[in-house]
Amino acid sequence: STFALDPSALIGNPGFTAAPSQDFSLATGSAAIGAATQALPTAVVNDITGKIPRPATGADLGAYQHAGS
(Lines give C-alpha, C1' and ligand atoms only; values in the text may rest on other atoms or scores of the structure.)
Protein backbone atom coordinates (compact mmCIF):
# COMPACT_ATOMS: atom_id res chain seq x y z
CA SER A 1 0.00 0.00 0.00
CA THR A 2 1.07 3.58 -0.49
CA PHE A 3 0.59 6.62 1.66
CA ALA A 4 -0.14 10.08 0.35
CA LEU A 5 0.97 13.22 2.13
CA ASP A 6 -1.92 15.35 3.28
CA PRO A 7 -1.74 18.48 1.07
CA SER A 8 -2.49 20.64 4.11
CA ALA A 9 0.33 19.07 6.18
CA LEU A 10 3.03 21.33 7.55
CA ILE A 11 6.55 20.08 7.02
CA GLY A 12 9.55 21.45 8.86
CA ASN A 13 10.27 23.09 12.17
CA PRO A 14 6.98 23.35 14.11
CA GLY A 15 8.17 26.48 15.90
CA PHE A 16 8.03 25.30 19.49
CA THR A 17 9.02 27.81 22.15
CA ALA A 18 11.81 25.67 23.68
CA ALA A 19 11.63 22.00 22.67
CA PRO A 20 14.98 21.02 24.30
CA SER A 21 13.54 22.02 27.68
CA GLN A 22 10.20 20.35 26.81
CA ASP A 23 8.25 23.57 26.28
CA PHE A 24 6.13 22.54 23.31
CA SER A 25 3.97 25.63 23.26
CA LEU A 26 4.00 27.47 19.94
CA ALA A 27 6.37 30.39 19.52
CA THR A 28 5.22 33.58 17.84
CA GLY A 29 5.55 33.10 14.09
CA SER A 30 5.03 29.31 14.16
CA ALA A 31 3.41 27.99 10.97
CA ALA A 32 1.16 25.86 13.22
CA ILE A 33 -0.67 28.94 14.56
CA GLY A 34 -4.16 29.09 13.05
CA ALA A 35 -3.38 26.19 10.71
CA ALA A 36 -6.05 23.67 11.75
CA THR A 37 -8.18 22.82 8.74
CA GLN A 38 -11.01 20.96 10.46
CA ALA A 39 -13.49 22.12 13.04
CA LEU A 40 -12.75 20.91 16.55
CA PRO A 41 -15.11 18.59 18.39
CA THR A 42 -17.50 20.64 20.49
CA ALA A 43 -16.09 19.00 23.62
CA VAL A 44 -12.70 20.68 23.01
CA VAL A 45 -13.07 24.17 24.41
CA ASN A 46 -9.67 24.95 25.91
CA ASP A 47 -6.11 24.00 25.16
CA ILE A 48 -4.21 21.42 27.24
CA THR A 49 -3.52 23.98 29.98
CA GLY A 50 -7.25 24.60 30.34
CA LYS A 51 -6.66 28.33 30.22
CA ILE A 52 -6.77 29.47 26.61
CA PRO A 53 -10.06 29.06 24.71
CA ARG A 54 -9.76 27.38 21.32
CA PRO A 55 -11.74 28.86 18.45
CA ALA A 56 -14.19 26.58 16.63
CA THR A 57 -12.25 27.04 13.37
CA GLY A 58 -8.72 28.20 12.64
CA ALA A 59 -7.34 26.74 15.83
CA ASP A 60 -3.64 26.10 16.25
CA LEU A 61 -2.18 22.67 15.53
CA GLY A 62 -1.08 20.79 18.64
CA ALA A 63 -2.13 20.69 22.25
CA TYR A 64 -1.30 24.31 23.08
CA GLN A 65 -3.23 27.26 21.72
CA HIS A 66 -0.85 30.20 21.14
CA ALA A 67 -1.64 33.01 23.58
CA GLY A 68 -1.78 35.56 20.74
CA SER A 69 -4.16 33.47 18.59
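Predicted model: local features only at pLDDT ≥ 70, side-chain atom pairs only at ≥ 80, totals over all residues.
Biologist: How many helices and strands does the chain have?

Modeller: The chain has 0 helices and 2 strands.

Biologist: And is I48 buried or exposed?

Modeller: The idea is relative accessible area with a 1.4 Å probe, protein chains only: under 20% is buried, over 50% is exposed, and in between is partly exposed. I48 comes out at 58%, so it counts as exposed. Over the 69 residues of the chain, 16% count as buried.

Biologist: Which residues does I48 touch?

Modeller: A contact means heavy atoms within 4.5 Å. Leaving aside residues up to four places away in sequence, I48 touches A63 and Y64. The C-alpha atoms of I48 and Y64 are 5.8 Å apart, though 16 residues separate them along the chain.

Biologist: What about I52, which residues does it touch?

Modeller: I52 is also in the segment after strand 2, and at 22% relative accessibility it counts as partly exposed. With residues up to four places away left out, I52 touches V45, N46, D47, Q65, H66 and A67. For the whole chain, take the contacts with a separation of 6 or more: 29% of them join residues 24 or more positions apart.

Biologist: How many aromatic pairs does the search find?

Modeller: A ring pair is described by the distance of the centres and the angle of the planes. Rings of Phe, Tyr and Trp (its six-membered ring) pair if their centres lie within 6.5 Å; planes under 30 degrees apart are stacked, over 60 edge-to-face, the rest tilted. The whole structure gives 1 aromatic pair. The pair is F16 with F24, centres 5.2 Å apart and planes at 80 degrees, so it is edge-to-face. F16 is partly exposed at 33%, and F24 is partly exposed at 38%.

Biologist: What is the phi of Q22?

Modeller: Most residues other than glycine have a negative phi. Q22 has a phi near 65 degrees, a positive value in a non-glycine residue. Look for Q22 in the loop between strand 1 (16–18) and strand 2 (23–26). Q22 is exposed, with 63% relative accessibility.

Biologist: Last one: which residues lie nearest the centre of the largest pocket?

Modeller: Rolling a water-sized probe over the atoms shows where empty space is left. A pocket is an open set of points on a 1 Å grid over the protein atoms alone, with protein on both sides within 12 Å along at least five of seven lines; lining residues have an atom within 4 Å of a point. Here 15 residues line the largest pocket, and P14, F16, L26, S30 and A32 lie nearest its centre. A32 has its C-alpha 9.8 Å from that of A9, 23 residues away along the chain. A9 belongs to the segment before strand 1.

Key. Residues numbered from 1 in each chain as written. Heavy atoms only, no water. Helix = DSSP H or I, 4+ residues; strand = E, 2+ residues; numbered from the N terminus. 1 Å grid on protein atoms, 1.4 Å probe; cavity = no way out; pocket = protein on both sides within 12 Å on 5 of 7 lines; lining within 4 Å.
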